[in-house]
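Here is a short report on one protein model and its ligand. Please look over the sequence and the structure before reading on.

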Amino acid sequence: METLSIPDLINGIRSGDKRLLGKAITLIESKKPEHRKEAEELLKEIMPFTGSSVRIGITGVPGAGKSTFIESFGKLALEKGKKVAVLAIDPSSSLNKGSILGDKTRMEELAKEQNAFIRPSPTSGFLGGIANATFETLLVCEAAGYDFILIETVGVGQSEVLVADITDVFVFLKIIGGGDELQGIKRGIMEMVDVIFINKVEDENQIKAKNTKVELMRALHFLPSKEKSWKVPVVLGSALNKKGLAEVYEKIDEFIQLKIRNETFEAVRKHQAEKRFEYWVQEYILQVTKQEKSLEKYYKHHKKNASDLKSNPSTEAKIFVEKLLKK
Ligand SMILES: Nc1nc2c(ncn2[C@@H]2O[C@H](COP(=O)(O)OP(=O)(O)OP(=O)(O)O)[C@@H](O)[C@H]2O)c(=O)[nH]1
Ligand SMILES: [Mg+2]
């Protein structure tokens with residue numbers, strides 16, 4: 001790896017050099033402690049240039065059309081003079097299965113654009129977890145001047161929660177049929193969404209799509225509203241044929257404006273940052289522990305006591321932390 005000073009890297013990022021942006025992200029994703037140190041330095045320096053993008057999470061069952069939607073939506077944003085970065089979050093990724101660059105074809109148009117940047121999901125196992133790595137990547141993209149950061153959830157399960165912890169607006173892509181009308185509701189996604197897009201609505205399934213919309217609206221009606229005065233809109237369209245995307249764009253804009261008026265935009269971001277702080281405190285305690293043999297021995301000892309199922313894990317944790325503090 002070529003050696004670049006952190007100031008060089010920052011200048012490169014700020015001047016729109018995508019290659020150096022990629023390098024900075026690789027640094028963030030690195031497991032090596034010395035890289036982490038550099039990453040911290042980089043993040044510290046770029047903080048003043050972050051915060052100004054709209055952070056959008058996109059979820060939906062596999063095959064719902066998330067990547068296609070991102071490509072079409074991204075191009076629309078580019079037409080409006082915006083810069084677009086695309087990231088993916090995949091809590092299960094250890095191999096490169098199904099992540100956004102795994103199938104290049106679906107975003108290749110966007111990837112060619114000067115004002116677009118696409119980064120596949122990081123692989124697991126690095127310091128800080130997937131959500132934190134994705135968040136830090138998002139920060140560097142903001143410092144590079146991207147106006148929209150689109151994050152595709154890959155895989156099912158906790159990815160929605162992870163993405164909700166780092167974004168401002170959550171878009172749920174729904175497809176008609178397959179008896180899955182209530183799927184999102186069952187999985188608790190309906191409580192998290194801000195905008196719903198029913199995708200693949202084309203000539204032959206207009207009526208079905210309208211029925212799905214009615215059902216969704218009915219379901220939404222029974223849920224407490226997440227944002228004061230916001231009625232979750234259900235937009236019909238086709239990501240492939242670029243239908244309905246302008247409406248989603250508008251709804252996202254309206255939603256962000258409302259959050260700013262309600263003073264929840266910044267409040268939510270602050271709350272998210274607090275959660276990350278708490279996470280990192282735990283992470284660094286573990287790191288300090290691993291650096292010192294005697295501490296690591298205690299750590300393993302108390303962990304073992306807990307895993308023997310005879311002692312209360314919280315008691316064991318407390319004893320360990322007390323020992324740590326005495327050090
Ligand atoms: N007819 C039609 N097909 C679409 C539309 N949007 C996406 N597709 C197709 O649906 C398939 C899946 O699309 P993707 O965009 O890869 O879906 P995804 O949700 O990103 O899938 P995963 O990342 O694998 O979870 C592809 O064959 C797309 O061409 C649409 O609006 N209409
Ligand atoms: Mg995809």
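## Helix packing

The crossing of helix H1 and helix H3 is right-handed. This is a predicted model. H1 spans residues 6-14 and H3 spans residues 33-46. The two pack at an angle of about 50°, and their axes lie 10 Å apart. H1 is therefore oblique to H3. On the H1 side, the contact is made by Ile6, Leu9 and Ile10. They meet Glu38, Glu41, Leu42, Glu45 and Ile46 in H3. By class, this contact holds five nonpolar, no polar and three charged residues.

A second pair is H2 (residues 18-29) with H6 (residues 129-143). Here the angle is about 155°, with the axes 10 Å apart. An angle over 145 degrees counts as roughly antiparallel, so H2 is roughly antiparallel to H6. The crossing of H2 and H6 is right-handed. H2 brings Leu21, Ala24, Ile25, Ile28 and Glu29 to the contact. H6 answers with Ala133, Glu136, Thr137 and Val140. The contact of H2 with H6 has six nonpolar, one polar and two charged residues.

## The chain as a whole

The protein has 327 residues, and 37% of them count as buried. There are 13 helices and seven strands. Take the contacts between residues at least 6 apart in sequence: 74% of these join residues at least 24 apart.

| Pair | Separation in sequence | C-alpha to C-alpha distance |
|---|---|---|
| Asparagine 199 and alanine 64 | 135 residues | 7.1 Å |
| Isoleucine 166 and isoleucine 56 | 110 residues | 8.8 Å |
| Glutamate 108 and glutamate 71 | 37 residues | 8.3 Å |

Asparagine 199 sits in the loop between strand S6 (195-198) and helix H9 (206-221). Is asparagine 199 buried or exposed? It is buried, because 25 other C-beta atoms lie within 10 Å, and 20 or more is the mark for that class. Its contacts, leaving aside neighbours within four places in sequence, fall in several parts of the chain. They include Ala64, Gly65 and Phe69. Asparagine 199 also contacts Leu173, Lys174 and Ile175. Gly237, Ser238 and Ala239 complete the list for asparagine 199.

Isoleucine 166 lies in another loop, between helix H7 (159-164) and strand S5 (169-174). Isoleucine 166 has 24 C-beta neighbours inside 10 Å, so it counts as buried. Not counting residues up to four places away in sequence, isoleucine 166 touches Arg55, Ala131, Thr134, Phe135, Leu138 and Gln272.

Glutamate 108 belongs to helix H5 (residues 108-112). With 12 other C-beta atoms within 10 Å, glutamate 108 is exposed. The cut-off for that class is 12 or fewer.

## Positive phi

Most residues other than glycine have a negative phi. Two residues here go the other way.

Lysine 242 is not a glycine, yet its phi is positive, at about 55°. Lysine 242 is in the loop between strand S7 (234-236) and helix H10 (245-261). How exposed is lysine 242, and what is its count of C-beta neighbours inside 10 Å? The count is 15, so lysine 242 is partly exposed.

Glutamate 263 is not a glycine either, and has a positive phi of about 60°. Its place is in the loop between H10 and helix H11 (265-291). Glutamate 263 is exposed, with 9 other C-beta atoms within 10 Å.

## The ligand shell

Which residues come nearest to ligand 1? Of the 17 residues around the ligand, they are Gly65, Lys66, Ser67, Thr68 and Leu240. By class, the shell has five nonpolar, eight polar and four charged residues. One of the nearest residues, Gly65, is also among the contacts of asparagine 199.

Technical notes:
Residues numbered from 1 in each chain as written. Chains lettered and ligands numbered in written order. Predicted model: local features only at pLDDT ≥ 70, side-chain atom pairs only at ≥ 80, totals over all residues. Near = placed C-beta within 6 Å. Nonpolar A, V, L, I, M, F, W, Y, C, P; charged D, E, K, R; others polar. Helix = DSSP H or I, 4+ residues; strand = E, 2+ residues; numbered from the N terminus. Contact = placed C-beta atoms within 7 Å. Axes fitted to C-alpha atoms, helices over the stretch in contact; angles between N-to-C directions. Parallel < 35°, antiparallel > 145°, perpendicular 65-115°, else oblique. Left-handed = near helix turned anticlockwise from the far one by under 90°.
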